[in-house]
Amino acid sequence: MSATGFSRRTLLKSAALGAAGAALDLGAMGRAFAAADLTVGIVYVGARDDFGWNQAHAVAAEALKLVPGVKVVEEENVPETDACAKTMESMINLDGAGLILATSFGYYTPFVVDMAKKYPDVQFRHAAPLWNKDKDPKNAGSYFGYLNQAHYVDGVAAGLSTTSNKLGFVAAKPISSVLSNINSFMLGARKTNPKAIVQVIFTGDWSLPVREAESANALVDAGCDVITCHVDSPKVVIETAEKRGVKSCGHNASQAPLAPKGFITGAEYKWATIYKGYAADIAAGNPLPNFLIGGYESDFVQNTPFGAGATEAAKAAANGAIADMKNKVPIYVGPLKDNKTGKVVIDKTYGNLDPYLDNMNYLLEGVVGSIT
Amino acid sequence: MSSGAPAASGLAAAGTPPSAPSARYDLGVRLRANSEYVAIPVFALLMAAALFAVFLLAIGKSPIEFVNYVWRGGFGTAFSLQNTLQRSSPLILTALAVAIPARIGLIMIGGEGALVLGGFAAAAIAVPMVGVVPPIVTIPVMVAAAVLVGAMWVGIAGYLRYARGVNETISSLLLTYIGIAIMNFFVEGVMRDASNPNKPSTKPIGDAYMVGYIPGTEVHWGFPVGVLLSVALYILMTRTTFGFAARVTGGNFRAALAQGLPVGRLIVGCAMIAGGCAGLAGYFEVAAIQGRANASLAAGYGFTGILVSFLARHNPVVIIPVAIMFGGLVASGGLIQRRMGMPDATVLVLQGLIFVVLLTSETLYGRFAIFRAGDAKERT
């Protein structure tokens, strides 16, 4: 069952097929699952209960376990070395996995690619848009959610939640996906509060709890009264914000239980949509899509249910923004300037999934902070 | 100091006067004395296993099932065994990076930094050579770069120890963080592969420049190299003047000085051998596995190597089976997670128990008459 080229779901991302695509997608979800047994192996880089990236996948894994005929085997804390290749191989050899979901960025090259070449009968899907249709094996592929859309919604709510007009963002590394989340958060905030600025601190790595706490404290000290973040596990940032009595927006998974007073909403992946879709495709004997990306319009991302920190006005505005995202209203309305030189970096309005935005290497005007 | 016992025993053996009454009897004594170094660790391992079984029972899991999965996931199939050997190869090299300085009385724990910088140096020197210079030339250059940079890095800690009296444990640990930061600085800066926007890495060295697997297996060349190096370093430390002088220095620094031994050179030399081993591990991570240098090099092998070396009582040859045991535990850890529904930390609990029990068992040496009876008769 080798997947070939494009599939129905890949087309979904092209704006031209909006309504038709949505209808087909619903069809996939509602399809009855055949009895064909499938073992899915899921590999995590951290702990499954990290309140962050890994938990978002683990939540989806739990949903996948409920699908009849699907068995899920999971392994956590697998580093981005040959250990992850061996884990995938072990899942194939010892557990009989027919679909491997590799959920950490660094698993792809060379490990997922090598394993896909070695086991052509097994499907491999990796959680980052890296699959190259010219170079990479056809039984490998990528899936990814455009979380910046949910960060945009966070920003819309945060803009109405601040009194100081200063929003704080604790970020890991200045790479494209992080920068896009920061910029989208700022654009969302400006939508409801043109005076809002987003102050960002980069910690330098994906998981540095001590520095994350320091950064959150520094942002609160600087006057920020809403804090959000893009780090692997937002636990420390959200808890610190709550302790300091400011509001917070989450990232990756639900952190609502960590901030019973100040939590507004959070940007969450909805990997379950993708995982159940794969299981349905395999059960139906359909080729798996090789490249699957999307945001709200594909139900790949979501916002955490509103917490006590969200006012009625913020809830209404955020719900409006969610509707906008589902209708593919663009976030990046050009021209937009960067925050360093004032140069126009986004010359025109781009669609939310436009590849041009994937190579973002700037912070926009409205963000205070530097990527160098 | 835990390194004291084997060093002392080695000294005693080396120092046995040639006029011993009977070579055969002497061998018997040595066998009896040395069997202590086998019996006590085995006893300690059994104790750790028993404690771990109690832990498993307490959380409602079956120890027998656990052992089954360790066997199946780590050793029981051809795939599992190769998985284990592959995982043990960086551990052999990073354990050597602890064992050699331990013989001269230094607790160096900077293998991680030397591994990262060694790997980075190998990739950095290879990138401009790729496609220009053939692999046959490039590969030795990469190895040399990795070993030299690793050796220099730990050598710094050795020099600071000798020349300025800086605690080598602290300095080598701190140098690790500096080493990782240096690699990140270059990998995220001038040496970054622009085609890979989301994971800062150097440019790939390409398949032609990789060292690949031992033919017919899925174990990379780091494993046999590690085994050979372990044996070579064992010979160096036990059968040569250098090794003897190093052990004398480790046993009594002042006495070594008084004897006119080149203590400074010995210390820096041992530190450099250590760094070279770790740098070599970094080379294999780049040239056999990653194909480029990036933050994944800092995967903790340097730190696990400390554990392996201590368990092997800093004996280069014993490091081999201990590293394989660790590789097997880690390799089977995945299967245990998947089949028994236990968290990843389970295997860490077992590793921790083994470590604590083995270190505690050090206090047992010399307390059992059975290992000394003949010895005592001999010496009186």
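1. In this predicted model, chain A contains an open sheet of seven strands with mixed pairing, and the strand order is S12-S10-S9-S8-S6-S7-S15. Strand S12 (301-303) and strand S15 (367-368) of chain A form the edges, each pairing on one side only.

2. Within that sheet, strand S6 (residues 166-171) of chain A runs parallel to strand S7 (residues 197-202) of chain A, and six bridges join the pair.

3. How many residues does the contact take from each chain? Chain A contributes 25 residues and chain B contributes 18 residues. On the side of chain B that touches chain A, helix H4 (78-103) and helix H13 (316-340) of chain B each supply at least two residues. H13(B) gives the most to this side, namely five residues.

4. The composition of the side of chain B that touches chain A may also be noted: by class, there are eight polar, six nonpolar and four charged residues.

5. For chain B, the domain assignment gives domain 1 as 1-61 + 359-380 and domain 2 as 62-341. Between the C-alpha centres of domain 1 and domain 2 of chain B, the distance is 28 Å.

Notes:
Residues are numbered from 1 along each chain as its sequence is written. Chains are lettered from A and ligands numbered from 1 in the order in which they are written. This is a predicted model: local features need pLDDT of at least 70, side-chain atom pairs count only at pLDDT 80 or more; totals for chains, interfaces and linings use all residues. Two strands pair if DSSP finds at least two bridges between them. Helices (H or I, at least four residues) and strands (E, at least two) are DSSP runs, numbered from the N terminus. Two residues are in contact if their C-beta atoms, placed from the backbone, lie within 7 Å. Ala, Val, Leu, Ile, Met, Phe, Trp, Tyr, Cys and Pro count as nonpolar, Asp, Glu, Lys and Arg as charged, and the others, Gly among them, as polar. Domain bounds come from an automatic or database domain assignment.
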